[in-house]
Amino acid sequence: MSVHHLDALRFLFGDPGEIMTVTRTDPRTQFPHTDGIVVSTLRFPGGLLALSTEDVWGGPREEGFDDDFSITWRVEGTRGVAKGTIGWPSGTPSTITYASAETTDGKWVTPGWGTHWFPHAFIGVMEQLQYAVETGSEPARTVADNVKTVALIEAGYRSIAERRPVRLDEFPL
């Protein structure tokens with residue numbers, strides 16, 4: 001289970017109230033594992049619903065079969081919808097496509113950029129941290145905020161183990 005896209009959903013939409021995560025093994029993988037394919041649903045206060053799908057194994061691994069390694073997400077709100085990809089493991093830029101009743105008149109919009117999830121996301125975070133250390137300022141992403149992302153991941157693992165939605169308030173911070 002990956003932390004990065006769940007952290008991005010928290011950054012964009014705030015803290016979810018609960019997460020439901022289900023997994024399955026990948027029969028093509030020879031080592032013991034439980035999370036070959038992962039699907040998480042996050043429910044946010046106010047009704048926003050986000051879905052994240054991780055399939056980093058991407059279909060049959062045999063000669064001549066095109067893979068579909070992917071991390072995709074979709075967010076459903078009451079006034080709009082957004083969907084996209086995290087550009088891993090292919091190294092392609094991440095994507096976002098959205099439609100809003102308020103800002104796009106319900107039309108789909110697909111902005112683009114030339115930066116990639118890795119290494120650009122790592123470079124930006126490290127550059128900002130170095131700036132904070134150099135200037136004595138608070139980092140943009142604090143340790144306290146990162147602890148909330150770790151709690152979300154732990155809630156996801158509890159959801160897998162207990163086969164139920166897990167409320168984030170089960171993890172006092």
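**Close-up views of the sheet and its helices**

**View 1. I19 has V166 as its bridge partner in β7.** The model is predicted: local features need pLDDT of at least 70, side-chain atom pairs count only at pLDDT 80 or more, and totals for chains, interfaces and linings use all residues. Residues are numbered from 1 along each chain as its sequence is written, and side-chain values use heavy atoms, with hydrogens and water left out. Strand β7 covers residues 166-167, and two bridges pair it with β1 in the antiparallel sense. Strands (E, at least two residues) and helices (H or I, at least four) are DSSP runs, numbered from the N terminus. Two strands pair if DSSP finds at least two bridges between them.

**View 2. β1 and β2 are antiparallel neighbours.** Strand β1 (residues 18-24) is joined to strand β2 (residues 37-43) by seven bridges. One of the residues shown is T21, whose bridge partner in β2 is S40. Strands of a sheet pair through backbone hydrogen bonds, either parallel or antiparallel.

**View 3. Seven strands make up an open, antiparallel sheet.** The strand order is β6-β5-β4-β3-β2-β1-β7. At the edges are β6 (95-100) and β7, each of which pairs on one side only. β6 runs antiparallel to strand β5 (residues 80-86), with six bridges between them; G80 has S100 as its bridge partner in β6. Along the protein chain from the N terminus, the elements follow the sequence α-β-β-β-β-β-β-α-α-β, with three helices and seven strands.

**View 4. α1 crosses α3 at roughly 125 degrees.** The axes of helix α1 (residues 4-13) and helix α3 (residues 143-162) come within 10 Å. That angle makes α1 oblique to α3. Axes are lines fitted to C-alpha atoms, for helices over the stretch in contact, and angles run from 0 to 180 degrees between N-to-C directions. Angles under 35 degrees count as roughly parallel, over 145 as roughly antiparallel, 65 to 115 as roughly perpendicular and the rest as oblique. The α1-α3 crossing is right-handed, a term for the near helix being turned clockwise from the far one by less than a right angle. L6, D7 and R10 of α1 make the contact (heavy atoms within 4.5 Å) with D145, K148, T149, L152 and I153 of α3. By class, the residues in this contact of α1 with α3 are three nonpolar, one polar and four charged. Ala, Val, Leu, Ile, Met, Phe, Trp, Tyr, Cys and Pro count as nonpolar, Asp, Glu, Lys and Arg as charged, and the others, Gly among them, as polar.

**View 5. α1 has buried residues at H5, L6, D7, L9 and R10.** Buried means under 20% relative accessible area, exposed over 50%, and partly exposed in between (1.4 Å probe, protein chains only). The buried residues of α1 pack against β2, β3 (49-55), β4 (70-76), β5 and α3. After α1 comes G14, which has a positive phi near 90 degrees. In the protein chain of 173 residues, 31% count as buried.

**View 6. α3 lies across β1, β2 and β7.** Helix α3 runs at about 55 degrees to β1. V147 lies in this helix, α3. With a relative accessible area of 39%, V147 is partly exposed. V147 and L173 are 26 residues apart in sequence, and their C-alpha atoms are 7.9 Å apart in space. For the protein chain, 39% of the contacts between residues at least 6 apart in sequence join residues at least 24 apart.
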